[in-house]
Amino acid sequence: MLSIFVAQRLGLSEQECQKMALGMFFHDYGNLKLPKDIFEKPTSLSEEERDVVRKHVIVGYDYLTRFGLLDADSAEGVLFHHERLNGTGYPKGLAHNELSFMVRIAAVVEVFDAMVSPGMYGRPTPPEQVIRQILQQAGTLFDSDVACNLAPFVPIYPVGHSIILNTGECGMVAESVLGSTMRPRVRIYYSADGKRIPPYEVDLIAEGERYIARSAGSMQEVKEKHTPEAFALMLRQCA
């Protein structure tokens with residue numbers, strides 16, 4: 001779904017979006033053909049095991065094209081979704097103009113989905129951290145247009161999510177607006193000097209100088225950190 005959304009935003013045709021969707025639906029199909037114990041291993045994979053996992057793109061591509069389940073365009077998403085703009089990806093180390101637009105979309109949305117989801121790579125990473133990392137690597141590892149069209153539309157700060165603003169004010173997300181999910185409406189419960197206050201709402205779209213500096217695990221975490229010493233540290237971290 002993410003790949004279709006980004007593809008539509010970037011002006012791909014309906015047929016291209018359908019091909020994109022089909023390729024991404026099967027993008028990790030090759031994992032089903034690899035040894036099951038690798039994906040159930042409780043400890044980190046060895047380099048040899050990582051090499052086996054990297055083969056999933058070739059295994060999946062070969063199977064899906066051999067039996068005519070995917071056409072050449074859709075199959076590109078299966079084979080090349082781990083390629084990177086600077087040529088450091090796999091399986092072929094393709095770079096820049098060697099990567100089709102659909103592959104560039106596949107590379108970004110696959111990374112986002114993998115990092116925010118529980119799986120063999122460990123605990124999920126908070127969406128805002130994943131988007132920040134993708135944007136920092138835009139133009140180097142990832143296509144900048146794709147990264148910038150994904151960022152405003154993924155659920156980075158869901159309603160009820162506890163946050164800390166750059167000013168030190170703390171609260172939770174009250175409303176998330178499609179297209180501006182990094183700047184939601186927030187309900188403030190703690191003032192900039194760390195005092196509990198009657199809650200009020202701030203529209204971060206309208207008030208451009210204030211923004212979310214980082215997430216908090218919960219409002220209880222916010223409350224526990226509002227000692228004078230912890231509050232001073234928090235402000236330094238948000239600066």
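**Close-up views of a predicted model**

View 1. Isoleucine 163 stands opposite serine 215 in S5. The model is predicted: local features need pLDDT of at least 70 and side-chain atom pairs count only at pLDDT 80 or more, while totals for chains, interfaces and linings use all residues. Residues are numbered from 1 along each chain as its sequence is written, and side-chain values use heavy atoms, with hydrogens and water left out. Strand S1 (residues 162-165) pairs with S5 in the antiparallel sense over 3 bridges. Strands (E, at least two residues) and helices (H or I, at least four) are DSSP runs numbered from the N terminus, and two strands pair if DSSP finds at least two bridges between them.

**View 2. The open sheet of 5 strands.** The strand order is S4-S3-S2-S1-S5, and the pairing is antiparallel. Strand S4 (196-203) and strand S5 (212-215) are at the edges with a single partner strand each, so one side of each has no neighbour in the sheet. On average, neighbouring strands of this sheet are turned by 35° against each other, direction ignored. Axes are lines fitted to C-alpha atoms, for helices over the stretch in contact, and angles run from 0 to 180 degrees between N-to-C directions.

**View 3. The hairpin of S3 and S4.** Strand S3 (residues 185-190) runs antiparallel to S4, and 5 bridges join them. Arginine 185 stands opposite aspartate 203 in S4. Between the two strands of the hairpin are 5 residues, and glycine 194 in the turn has a positive phi of about 85°.

**View 4. Packing of helix H7 on helix H8.** H7 (residues 101-116) and H8 (residues 127-136) pack at an angle of about 150°, and their axes are 9 Å apart. H7 and H8 are therefore roughly antiparallel to each other; angles under 35 degrees count as roughly parallel, over 145 as roughly antiparallel, 65 to 115 as roughly perpendicular and the rest as oblique. H7 passes H8 in a right-handed crossing (left-handed if the near helix is turned anticlockwise from the far one by less than a right angle, right-handed if clockwise). In the contact (heavy atoms within 4.5 Å), Val108, Val111, Phe112, Met115 and Val116 of H7 meet Pro127, Val130, Ile131, Gln133 and Ile134 of H8. These residues divide into 9 nonpolar, 1 polar and no charged. Ala, Val, Leu, Ile, Met, Phe, Trp, Tyr, Cys and Pro count as nonpolar, Asp, Glu, Lys and Arg as charged, and the others, Gly among them, as polar.

**View 5. Helix H6 against H2 and H5.** Helix H2 (residues 14-25) packs on helix H6 (residues 72-80) at an angle of about 40°, with their axes 7 Å apart. That makes H2 oblique to H6. The crossing of H2 and H6 is right-handed. Lys19, Leu22 and Gly23 in H2 meet Asp73, Ser74 and Val78 in H6, a contact of 2 nonpolar, 2 polar and 2 charged residues. The axes of helix H5 (residues 56-66) and H6 come within 7 Å and cross at roughly 160°. That makes H5 roughly antiparallel to H6. Val57, Ile58, Gly60, Tyr61, Leu64 and Thr65 in H5 meet Ala75, Val78 and Leu79 in H6; the residues of this contact divide into 7 nonpolar, 2 polar and no charged.
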